[in-house]
Amino acid sequence: MELDRELLIGAYRKMRTIRAFEEKLGELVTTGKLGGFMHLYVGEEAVAVGVCSHLDDGDAVASTHRGHGHCIAKGVDVAGMMAELFGRATGLCKGKGGSMHIADVEKGMLGANGIVGAGIPLATGAALSAKLKRTGGVSVAFFGDGASNQGAFHESLNMAAIWKLPAVYVVENNGFGEFTPTEFVVPVKDIAVRAASFGMKSLIADGMDFFDVYAKAGEAIAFARSGEGPVLLECKTYRFAGHFVGDPLVYRSKQEAEEWIQTRDPLPLFEARVTEAGLVEADELREIDREVALKLAAAAQAADEAPFPDLAELTTDVYFEEPRS
Amino acid sequence: MSRELSLGQAVNEALQIAMETDPDVILMGEDVAGGGDRTGDDVDEMGGVLGTTRGLVKAFPDRVLDTPISEMGILGAAVGAAITGMRPVVELMFMDFIGTCLDPLLNQAAKFRYMFGGKVRVPLTVRTVTGAGMQAAAQHSQSLYWLTAGIPGLKTVIPSNPIDAKGLLLAAIRDDNPVVFCEAKMVLGSIAEVPAGDYEIPIGEAALVREGGDVSLIGMGATVPMCRSAAEQLARDGIQADVLDLRSIQPLDEEAILATLEKTGSVVVVDEATPRSSVASDIAALCVDRGFDFLNTPVKRISAPHCPVPFSRPLEQAYIPSIDRIVETVRGLA
């Protein structure tokens, strides 16, 4: 696998940024600084970064309610995201979207989404655009194990298969759909097998291992981009935090969670791999940690000091209106 | 130059022009090509269940897409295509089927521009057949334009004649907002001299299609011809009616409604939909709220009853607002 230093350092910086961003949010919500529903991506960083490392701005990503990680991995401005979560005028969406609706279409980020499974057909449509316009772009839908039970999932994969769309469906199987264990509601061990009913290629990756996700996503994205058709990529991962900030976590074993957190955390796993191979020094990673922490502290402070939207913004942007001449 | 076209043919012509003038316009839906790319002497295309899109797949083979029967997938993909450079026109065969695919309209298309801080446009058109009159029964006959009109971010239009249908559809397709375009069954076959060539009718402008000073009859889609016929009958008794064709349900041309109310002092709204939370009720409220001083009589609403659309012919006829009911209602105002 061609993994140069620059790529590895960039990937680590993104994973660390996601981790630190989410931890910062957890802190801000718990201290009452931020409101709203917040779903953290902690533990799943290797999936977003492993996949998005193969994408550029011409490729589209549709995300989920747990979308901060996908946004950061896709290159969305972190300060703009933070201001958005503070509901400020300087937010990426002028403070009108919030955590579940962060989007940056210019960067191919078609939005986090508050409706489980809704991003799957959106990404399918973006793949249709790429195919019809011959852009060479690929479209990625991130979604959870829970969304693989939605009709939108099955309808979309079927359409993508008959039209051979350049789409990659990345199911982040993190073991829980909200509070319900996946095995209670999904009758198959591997969600990847669902691709077979559409004659679709599928792959399974260890979602805690950046290198495995990077390799499998690379294969899937290259396949889709070459016009061979869509791919379903299942990444086995684990949601370190609860469904949302404030989740009492009564429904899962503390021991199980501790085991994942202590032994399968994607960041230490990544660090061990790259330092043992002599690709990157631990000191370099600590330096990145410091830079990221400073950047996020500055982003949070700037967001906190930014103005709220003018009340006149309440009813703007409902419709696109031609500029009056 | 103009030719006689049905409303369905006018829709077909508008689609043809839209696709000729913009390579990003695509058609998606169940059977919209309908076998049109098959060859064989005994094989022909359906062009949609009512044949409205017939011929288009032959003209634009790559841009007329037969979809699986997967309304959620179709609508959702169309929204995704709309925000990534295409200008999709989706055929939702009957508006009743919106129950299977409301989310892409309600939570995605309608809200993206707002949620994303004004940074995206959603140039999506959903063509859909509405209303009773074909004995299609309770799941293929509803007039649900009140539903989409009540969702901020969507526009909803309903033409009453082929000329408006062509111009409104071209405007809808070229609009950078999601627009629901309703084709009311009872006027789909109506015939008119339709101008050739490319023209648009602005969304949000009602049309005063008949002038009279005594009473205002306000209709939309299939109830407009009823209002016109009722007006002719009333004229024989010396009652002269304004007839206002709303054409657009959202945006609603409130000024045109208030102008006709100011002129006549009496309003009768004729709405094919059920009465609760309806366009008719909305207009009645508008007349009372902003036009109270002009009112000489109570505002009257003629709607379907609060019940599903029945199959049996006499029951269906009793369900649909009628010319007689309009005439009787106006006479009752005196």
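1. Two residues are in contact if their C-beta atoms, placed from the backbone, lie within 7 Å. By that rule, 34 residues of chain A touch 33 residues of chain B. The model is predicted: local features need pLDDT of at least 70, side-chain atom pairs count only at pLDDT 80 or more, and totals for chains, interfaces and linings use all residues. Residues are numbered from 1 along each chain as its sequence is written, while chains are lettered from A and ligands numbered from 1 in the order in which they are written.

2. Which elements give two or more residues to the side of chain A that touches chain B? They are α5 (119-133) and α6 (151-163) of chain A. Helices (H or I, at least four residues) and strands (E, at least two) are DSSP runs, numbered from the N terminus. α5(A) gives the most, with 10 residues.

3. That side of chain A divides into 19 nonpolar, 10 polar and five charged residues. Here Ala, Val, Leu, Ile, Met, Phe, Trp, Tyr, Cys and Pro count as nonpolar, Asp, Glu, Lys and Arg as charged, and the others, Gly among them, as polar.

4. Now a helix pair in chain A. α4 (residues 78-85) and α11 (residues 282-305) of chain A pack at about 40°, with their axes 8 Å apart. Axes are lines fitted to C-alpha atoms, for helices over the stretch in contact, and angles run from 0 to 180 degrees between N-to-C directions. The angle makes α4(A) oblique to α11(A). Under 35 degrees counts as roughly parallel, over 145 as roughly antiparallel, 65 to 115 as roughly perpendicular and the rest as oblique.

5. Look at the residues where these helices meet. A:Val78, A:Ala79, A:Met82 and A:Ala83 in α4(A) face A:Lys295, A:Ala299, A:Ala300, A:Ala302 and A:Ala303 in α11(A). By class, this contact has eight nonpolar, no polar and one charged residues.

6. Chain B has an open sheet of seven strands, in the order β3-β2-β4-β5-β7-β6-β12, with mixed pairing. Two strands pair if DSSP finds at least two bridges between them. β3 (64-66) and β12 (248-250) of chain B each have a single partner strand, so one side of each lacks a neighbour in the sheet. The twist averages 20° from one strand to the next.

7. B:Gly29 stands opposite B:Asp66 in β3(B).

8. Helix α1 (residues 7-21) of chain B lies across β2, β4 (87-94) and β7 (179-184) of chain B. It runs at about 135° to β2(B).
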